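This report goes through one protein model, from single residues to the whole chain. Please keep the structure open while reading.

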Amino acid sequence: MKRLAICVLLILIIAFLCLPASAEPCDYTRPPKNVLVIFSYSPSYPSFDSLLDGLNEAFTDYNVHLQVEYMDSKLMDSESAEALLLQLLEEKMKLLKHIDMVITFDDNALVFIDKYYETLFGAGSSGSIPIVFSGCNDFETTESIFYAHKNITGQLEPSSRIKTIDVATRLIPDYTSITILVDNSTTAKGLKTQLMAENVNHYPLTFINSTEYTYSELEDMLSKLTPKDIFLFVACYVDSQGNKMTYSQSANFLYTTLNTPIFTTTAYEIDRVFAGGYVHDKTKSGYDTGKIACSILYDGITAESTGLMRDDNTNMSYMYNHRYTFEVRY
C-alpha cells in the first residue's frame, strides 16, 4: 500500500510538471510600467473601446498602468485642440516622472507624438522611449516617421477595401453607379488613395466629399440614389459649414436618407444600419499591438529589430447583414 501511495504521488508530481506553463502573475512589488496610449479619436468613435479592450487583454498578466489620452480628431482637428492636448500631457509627464512606452492608434496620434516627442520627454531623450503604432492608413507619412526614429515599430492598417466593392457589384450586378462618401480626415484620404490604387477592375468610382456641401445639400444629393446604386460609407464627420457628426450620427443620417444598401469598411452597426463590407477586427488589432508592446517591455525585444509591419488582411473579414441587403427600403 505504501509503495502504491508513493507511485501515485510520483505520477501526480510528473503530471503537474508536464502541465503547460501559465503566464506569470503580476509582480506588484516591482514598479509598474507606465504606458502612454494616445488615440486619434474620442470614445465616441466605436473603434476606441474595441482597441482598448484588445490592448487590456494583451496586458492582463502584466503590471502595467495605461495612461489613456485621445485627440478627438474627428470633431476637433485644429491647432488649438492639439495645443490643449500637449499642455495636458506636459503636466501629466511631470506627475508620472517617467514613461516606459508610447502606443498610438491611427495616423493623427502618431504624427502628434512624432512632432512633440522631445517636448514631452526631453531634448536628450533621443528615442529612448519606444513607440508602438497601429492603424495607420497614410503609408507615406508613417514610413517617413518610422525611418526617422530609432526606437519605433508598428503596423500599417490593411488596405484592400476595394474588396467591399468587389462583393457589392456581385450582390448588385446591374448597378448604375458607385458612390463613395468621404471627408478630409486622414483616414478618409488614406482609404481614398488605397481604393484608387487597387481599382484594377476600373470601377466607375464617384467620390463625394462631405466638407464641400452642407448636410442639407448632402441629404438632397444622396436621397436621389436608388437601389441600383452602390453606396460606400467612409466618413462624413463635418460639412462645409463646420457642422459635426459622430460616427453613430453619421450612420443614422445615411440610414434615414438613402434608399439603397449602405456598404462600409468598418464592422460597427452593420446589424442595425449597414448592409456590410470587408471590415477590420479592431479588437484583434488592439490585442496584437499590446503583444508587440509586451515583447519590447518584458522580453528584451527591441523596437528596431521588430521593424515596420503590415497586417496583410489577416484581421479583415466579410460581414454582411443579408436581411438589409436584400430588403431595400423604398
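## Glu 157 and its polar partners

In this predicted model, the side chains of Glu 157 and Asn 137 are joined by a polar contact of 2.7 Å. The side chain of Glu 157 also makes a polar contact with that of His 280, at 3.3 Å. Glu 157 sits in the loop that runs between strand 5 (152-156) and helix 6 (162-171).

Is Glu 157 buried or exposed? Its relative accessibility is 4%, so Glu 157 counts as buried, the cut-off being under 20%. Apart from neighbours within four places in sequence, the residues in contact with Glu 157 are Asp 106, Gly 135, Cys 136, Asn 137, Phe 139, His 280 and Lys 282.

## The largest cavity

Glu 157 also belongs to the lining of the largest cavity. This cavity holds about 150 Å³ of space. A total of 18 residues line the largest cavity, and those closest to its centre are Tyr 45, Glu 157, Thr 187, Leu 191 and Thr 266.

By class, the lining of the largest cavity is made up of six nonpolar, seven polar and five charged residues. In the protein, four cavities reach 30 Å³ or more.

A polar atom of the Thr 169 side chain lies 2.6 Å from the backbone oxygen of Asp 166.

Which residues does Thr 169 contact, once neighbours within four places in sequence are left aside? They are Tyr 175, Ile 178, Tyr 203 and Ile 230.

## The second largest pocket

The second largest pocket has a volume of about 330 Å³. Its lining consists of 20 residues, of which Met 71, Met 76, Ala 81, Glu 82 and Leu 85 are the closest to the centre. Sorted by class, 10 residues of this lining are nonpolar, four are polar and six are charged.

Which elements each supply at least two residues of this lining? They are strand 2 (64-70), helix 3 (79-96) and helix 4 (107-121). Helix 3 gives the largest share, with six residues.

## The chain as a whole

The protein has 330 residues, and 52% of them are buried. Its secondary structure consists of 12 helices and 12 strands. Among contacts with a separation of 6 or more, 75% are between residues 24 or more positions apart.

## Confidence

The average pLDDT of the protein is 84, and 85% of the residues score at least 70. Residues 8-25 have a pLDDT below 50, and this stretch makes three contacts in the model beyond near neighbours in sequence. The pLDDT is also below 50 over residues 326-330, a stretch with 11 contacts beyond near neighbours in sequence. Where pLDDT is low, predicted coordinates should not be read in detail.

Terms used:
Residues numbered from 1 in each chain as written. Predicted model: local features only at pLDDT ≥ 70, side-chain atom pairs only at ≥ 80, totals over all residues. Heavy atoms only, no water. 1 Å grid on protein atoms, 1.4 Å probe; cavity = no way out; pocket = protein on both sides within 12 Å on 5 of 7 lines; lining within 4 Å. Points joined across faces, edges and corners; volume = space filled by probe spheres on them. Helix = DSSP H or I, 4+ residues; strand = E, 2+ residues; numbered from the N terminus. Nonpolar A, V, L, I, M, F, W, Y, C, P; charged D, E, K, R; others polar. pLDDT = per-residue confidence, 0-100. Contact = heavy atoms within 4.5 Å. Buried < 20%, exposed > 50% of the residue type's maximum accessible area, 1.4 Å probe, protein only. Polar contact = N/O pair within 3.5 Å; in protein donor to acceptor, adjacent residues only side chain to side chain.
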